[in-house]
Structure formats: C-alpha cells, structure tokens
Amino acid sequence: MNAPRLLVLRWGDDILRWELSGDGERTVLVLRHRFADRKEAPSYAAGWHLCLDGLAGALTGEKMPSMVGHNAMKHGWRELYEQYAEAFQDTSAVLKDTANETREG
C-alpha cells in the first residue's frame with residue numbers, strides 16, 4: 001500500500017481519524033471519532049456502523065441504498081443504537097467499578 005494512509009479532519013467540534021493499513025491481501029480501515037459528549041456515543045456508533053456496512057457493500061460491488069438521515073431508520077439504526085447504548089452502559093459500569101476500587105484500595 002503506497003497511497004496516503006491517514007486522513008484526520010475536524011467535523012464541527014469533533015475529530016475524525018481514518019487510518020488504512022495493510023494486512024496481507026487485505027486493507028484494514030480504523031476509524032476513530034473523538035467527541036466531547038459521551039451521551040452521543042450510541043448515536044455515533046449506530047450511524048458509523050451503517051456507514052461502514054454501506055462502504056463494505058459498495059466495495060464488494062453491491063448497489064447500496066442511502067442509509068443516512070431518516071433513511072437510517074429503515075436499515076436498523078434504532079436497534080443498533082439500543083445495542084450500543086447497552087454495551088456502552090456496561091462499559092461505563094465497569095469503568096466506574098474500577099475507579100471506585102482504585103480510590104478505595
């Protein structure tokens with residue numbers, strides 16, 4: 001892979017970092033989205049999930065529908081949002097428990 005491998009940009013107050021790396025015959029994309037309001041994490045995760053599904057489909061030659069804005073609801077955004085909200089809540093609980101143990105220990 002000889003092309004540029006890193007794109008970092010500001011999206012409003014957020015920072016997006018797109019990084020490509022080679023893995024044998026494959027290319028791996030790592031997307032990092034830095035934002036201030038943790039409460040928005042499930043929404044961003046659900047949206048990026050759909051966007052990356054769309055990218056994966058397009059790369060295999062599928063004709064992909066628009067999955068942004070109100071169209072996202074037609075493609076499982078609500079269910080993804082709920083799954084990510086639960087996963088992030090579990091992560092927050094573990095982090096809080098670890099922080100409490102550190103203070104108490």
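Before anything else, I note what I call a salt bridge: a side-chain nitrogen of Lys or Arg within 4 Å of a carboxyl oxygen of Asp or Glu. I am working on a predicted model, where local features need pLDDT of at least 70 and side-chain atom pairs count only at pLDDT 80 or more, while totals for chains, interfaces and linings use all residues. I number residues from 1 along each chain as its sequence is written, and side-chain values use heavy atoms, with hydrogens and water left out.

**Entry: salt bridges**

I searched the whole structure and got two salt bridges. Asp23 forms one with Arg26, and the closest N and O atoms are 2.8 Å apart. Glu19 forms one with Arg17, with 3.3 Å between the closest N and O atoms. Side chains of opposite charge can pair when their charged atoms come close.

Next I checked how covered these residues are. My scale is relative accessible area: buried is under 20%, exposed is over 50%, and partly exposed is in between (1.4 Å probe, protein chains only). Arg26 counts as exposed because its relative accessibility is 53%. Asp23 has a relative accessible area of 39%, so I log Asp23 as partly exposed. Glu19 is partly exposed because its relative accessibility is 31%, and Arg17 is partly exposed at 31%.

**Entry: overall layout**

Reading along the sequence, I get β-β-β-α-α.

The protein chain has 105 residues, and 17% of them count as buried. I also looked up the surface, using Shrake-Rupley areas with a 1.4 Å probe, where for residues only the protein chains shown count as cover. The protein chain exposes about 8,300 Å², and carbon and sulfur atoms supply 53% of that.

A contact, for me, is heavy atoms within 4.5 Å. Among contacts in the protein chain with a separation of 6 or more, 33% are between residues 24 or more positions apart.

**Entry: the strands**

I count two strands as paired if DSSP finds at least two bridges between them. Strand β1 (residues 6-11) pairs with strand β2 (residues 14-23) in the antiparallel sense, over six bridges. Leu9 has Leu16 in β2 as its bridge partner. β1 and β2 make a hairpin with two residues between them, and Gly12 in the turn has a positive phi of about 65°.

In β3, Ser21 is partnered by Val28, and Trp18 by Leu31. β2 and β3 also form a hairpin with two residues between them; Gly24 in the turn has a positive phi of about 65°.

I then looked at Leu7, which sits in strand β1. Leu7 counts as partly exposed because its relative accessibility is 45%. Leaving out residues up to four places away in sequence, Leu7 touches Leu16, Arg17 and Trp18. Leu7 and Leu20 are 13 residues apart in sequence, and I get 9.0 Å between their C-alpha atoms.

**Entry: nonpolar core**

Which residues make up the largest nonpolar core? My rule for a core is buried Ala, Val, Leu, Ile, Met, Phe, Trp, Tyr and Cys residues joined through side-chain atoms within 4.5 Å. The largest has six residues: Ala46, Leu50, Met67, Ala72, Trp77 and Leu80. α1 (41-59) and α2 (77-104) each supply at least two residues of this core. Not counting residues up to four places away in sequence, Ala46 touches Trp77, Leu80, Tyr81 and Tyr84.

**Entry: nonpolar surface patch**

Patches use residues with over 30% relative accessible area and no salt bridge; like charges are joined within 9 Å, and nonpolar side chains (Val, Leu, Ile, Met, Phe, Trp, Tyr) within 5 Å. I found a nonpolar one made of Leu20, Leu29, Leu52, Leu55 and Leu59, with about 400 Å² of accessible area together. α1 gives the most to it, with three residues. Leu29 is in strand β3, and Leu29 counts as partly exposed because its relative accessibility is 33%.

How values were computed:
Helix = DSSP H or I, 4+ residues; strand = E, 2+ residues; numbered from the N terminus.
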